[in-house]
Amino acid sequence: MAMAKVKYFSFDLQGVLSASGFSDYFWLEQLPLLYANKHGVALQQAKTELRTQFAAMGKYDTRYYDDAFWARQLGFKTAEVLRGMPLQPSRNETLFEFIRAQPLPVVIISTTTRVFLNYELGDKKPLFEQIYSCVDTFGIGGKTPAVYQKVAQELGVQPDEILHIGDDPEMDVRNACAAGVRALAYDANDADLIKILRSLS
């Protein structure tokens, strides 16, 4: 039986279209600093306490990704914090140029929230037909098979008519495949990836 024609490309954001360092800095450095200031503890203690809390939540808990939850807990505004961070987003212009020029519609499926998506994408947002945040769009923590199924339903296509590209072996590959979505593991070899995608568009 012949495979269905790909009708949509789907990309992960952090680690693919933008470097993961920006988000990592927020969660590993900026959030502990805000936590330390709020609770009057040393920065290292704040990091330890937050690691314990995140481990208890697990990566399929919405709070694991939800800056709004932590903003309420610690009393900050995410957008203001992001603008003030010393490390700013670094975008993969090679992939953005490919997306701009190729004919198939493209979506983003990301574990992060809309405030991060909007900030990291900036003026690149119009390149995407839809931008899905697992937390904000679906109220789900992480890219579960259900997220991919919901995306396919919203786009009006079969799951195997979507090709997703991401760097997390579990969420971007195994969970996508479990939902019937085709998936490619991103390994930072943009030239080979673009060659594959051009052959499918």
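The buried residues of α1 (21-39) are covered by elements that include α2 (43-57), α3 (67-74), α4 (78-84) and α6 (114-121). Here "buried" stands for under 20% relative accessible area, with exposed over 50% and partly exposed in between (1.4 Å probe, protein chains only), and helices (H or I, at least four residues) and strands (E, at least two) are DSSP runs numbered from the N terminus. The model is a predicted one, with local features needing pLDDT of at least 70 and side-chain atom pairs counting only at pLDDT 80 or more, while totals for chains, interfaces and linings use all residues. Residues are numbered from 1 along each chain as its sequence is written, and side-chain values use heavy atoms, leaving out hydrogens and water.

Back to α1: among its buried residues are Phe-22, Ser-23, Phe-26, Trp-27 and Gln-30. The helix runs for 19 residues and spans 26 Å from first C-alpha to last, close to the 27 Å expected at 1.5 Å a residue (that is, 1.5 Å times one less than the number of residues). There is a kink of sorts to look for: α1 bends by about 35° at Gln-30, with Pro-32 following within four residues. The bend is the angle between axes fitted to the seven residues ending at a residue and the seven starting there. Just past the helix, Gly-40 takes a positive phi of about 65°.

Of the 24 lining residues, Ser-23, Asp-24, Trp-27, Tyr-64 and Tyr-65 are the closest to the centre. A pocket is an open set of points on a 1 Å grid over the protein atoms alone, where a 1.4 Å probe fits, with protein on both sides within 12 Å along at least five of seven lines; lining residues have an atom within 4 Å of a point. The largest share of the lining, five residues, belongs to α1.

Gln-14 sits between β1 (8-11) and α1, and counts as buried because its relative accessible area is 13%. Beyond its neighbours within four places in sequence, Gln-14 is in contact (heavy atoms within 4.5 Å) with Ser-23, Thr-112, Phe-116, Glu-120 and Asp-167. Thr-62, in the loop between α2 and α3, is partly exposed, with a relative accessible area of 26%. Not counting residues up to four places away in sequence, Thr-62 touches Val-135, Gly-139, Ile-140 and Gly-141.
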